[in-house]
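These are my notebook entries on a model that I went through entry by entry. I write down what I looked up and the cut-offs behind each term.

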2 protein chains.
Amino acid sequence: MYERKIIPNLNCGLDLIGEVLYGKWKMRLLWFINEGHQRPSELQRKIPDASRRVLNVQLKELEDHELVTRKIYPVVPPKVEYSLTEFGKSLIPVIGTLGDWGDTHQERLKALISKKFTDTNKD
Amino acid sequence: MYERKIIPNLNCGLDLIGEVLYGKWKMRLLWFINEGHQRPSELQRKIPDASRRVLNVQLKELEDHELVTRKIYPVVPPKVEYSLTEFGKSLIPVIGTLGDWGDTHQERLKALISKKFTDTNKD
DNA sequence: GCAATACGGGATAAATTTATCCCTATGCAA
DNA sequence: TTGCATAGGGATAAATTTATCCCGTATTGC
């Protein structure tokens with residue numbers, strides 16, 4: 001596993017939340033787990049753009065950060081369920097706020113962002 | 001300038017806000033500009049951990065995303081002032097929410113995060 | 001002329017994050 | 001026996017983001 005070389009700054013709330021919430025799929029994972037999609041295979045189906053591997057890695061980090069717990073059922077084929085901890089649940093409204101802003105400004109954002117790509121030829 | 005090779009997903013609000021808000025210093029820049037620190041040199045002083053270069057780059061992106069405007073005064077030495085657009089202002093509460101969560105859980109987060117670094121030797 | 005101020009940006013290196021590929025394990029069904 | 005479902009993880013490549021280094025502009029003051 002990759003080991004960081006530079007110690008992160010932890011000066012303010014933004015630094016701190018960034019440490020646990022940065023990561024392409026983390027917020028979605030928390031969101032979907034909160035919605036009741038607790039099994040890895042379900043999460044994978046909800047987030048098809050992410051590879052199985054990456055989801056595992058990011059789930060592991062969420063677990064290390066005590067945002068989710070992982071319960072293993074000793075059955076075959078294996079069954080695993082993730083749940084939010086209270087700490088993790090406290091993030092749901094925060095993620096909701098982010099998502100809402102994005103949804104609210106959806107049109108404008110899509111236009112702005114895709115401009116960058118269509119403009120590529122103009123330079 | 002770096003040119004992306006992979007077109008981002010823009011499926012949901014989280015994807016969209018991520019496109020404009022990811023970036024190590026962007027939220028801080030918006031926050032400080034909102035607090036009235038409008039000049040590049042001021043921002044640099046408020047965020048000493050970032051290099052001048054990176055701040056320029058990220059400010060440029062914020063500008064491209066219409067979150068800030070850049071006003072140049074034709075004087076020497078040069079004077080530049082950034083301001084939030086209405087669009088940018090609408091992000092302030094969102095950033096506030098993130099920062100508050102981090103502040104609220106400061107103790108716990110610091111402990112969790114720094115554990116990762118002190119544990120390095122145990123493996 | 002030379003330094004300081006305030007701002008900008010090219011080129012490149014380093015760090016970090018994501019993606020790909022491939023292998024392991026278990027019991028059931030065909 | 002082969003294949004499927006379910007879950008996990010090592011090794012490595014590719015993409016992306018940050019950091020470093022260094023140069024350029026124009027004016028004021030010494």
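For the class counts below I take Ala, Val, Leu, Ile, Met, Phe, Trp, Tyr, Cys and Pro as nonpolar, Asp, Glu, Lys and Arg as charged, and the others, Gly among them, as polar. I note at the outset that this is a predicted model, in which local features need pLDDT of at least 70 and side-chain atom pairs count only at pLDDT 80 or more, while totals for chains, interfaces and linings use all residues. Residues are numbered from 1 along each chain as its sequence is written, and chains are lettered from A and ligands numbered from 1 in the order in which they are written.

**Entry: DNA strand C**

I looked up which residues are near DNA strand C, where near requires a C-beta atom, placed from the backbone, within 6 Å of the strand. I found 23 residues around it, the closest being A:Lys5, A:Ile6, A:Lys24, B:Ser41 and B:Pro77. Two or more residues each come from helix H4 (52-64) of chain A and, in chain B, from helix H3 (40-46), helix H4 (52-64) and strand E2 (79-84); these elements are DSSP runs numbered from the N terminus, helices being H or I with at least four residues and strands being E with at least two. The largest share, 3 residues, belongs to H4(B). By class I recorded 11 nonpolar, 4 polar and 8 charged residues on this surface.

**Entry: DNA strand D**

Around DNA strand D I again noted 23 residues, with A:Ser41, A:Pro77, B:Lys5, B:Ile6 and B:Val76 coming nearest. Here helix H3 (40-46), H4 and strand E2 (79-84) of chain A, along with H4 of chain B, each supply at least two residues, and H4(A) gives the most, with 3 residues. The class division for this surface is 11 nonpolar, 4 polar and 8 charged.

**Entry: the two protein chains**

I then checked how the chains are related, superposing by least squares on the C-alpha atoms of residues with pLDDT of at least 70 in both copies. A rotation of 180 degrees, with 0.0 Å of shift along its axis, brings chain A onto chain B at an RMSD of 0.0 Å. The two copies are therefore related as by a two-fold rotation axis.

Leaving out residues up to four places away in sequence, A:Leu14 touches B:Met27, B:Arg28, B:Leu98, B:Gly99 and B:Gly102.

The largest nonpolar core has 47 residues, of which A:Ile17, A:Leu29, A:Leu30, B:Ile17, B:Leu29 and B:Leu30 touch the most other members; such a core is a set of buried Ala, Val, Leu, Ile, Met, Phe, Trp, Tyr and Cys residues joined through C-beta atoms within 7 Å. H1, H2, H4 and H6 of both chain A and chain B each supply at least two residues of this core.

**Entry: hairpins and a positive phi**

Strand E1 (residues 68-73) of chain A pairs with E2(A) in the antiparallel sense over 6 bridges, pairing being counted when DSSP finds at least two bridges. A hairpin of 5 residues joins E1(A) to E2(A), and A:Val68 has A:Leu84 as its bridge partner.

In the loop between H4 and E1 of chain A I located A:Glu66, whose phi is near 65 degrees, a positive value in a residue other than glycine. Most residues other than glycine have a negative phi. A:Glu66 counts as partly exposed, with 16 C-beta neighbours inside 10 Å.

Methods:
Buried ≥ 20, exposed ≤ 12 C-beta atoms within 10 Å, placed from the backbone. Contact = placed C-beta atoms within 7 Å.
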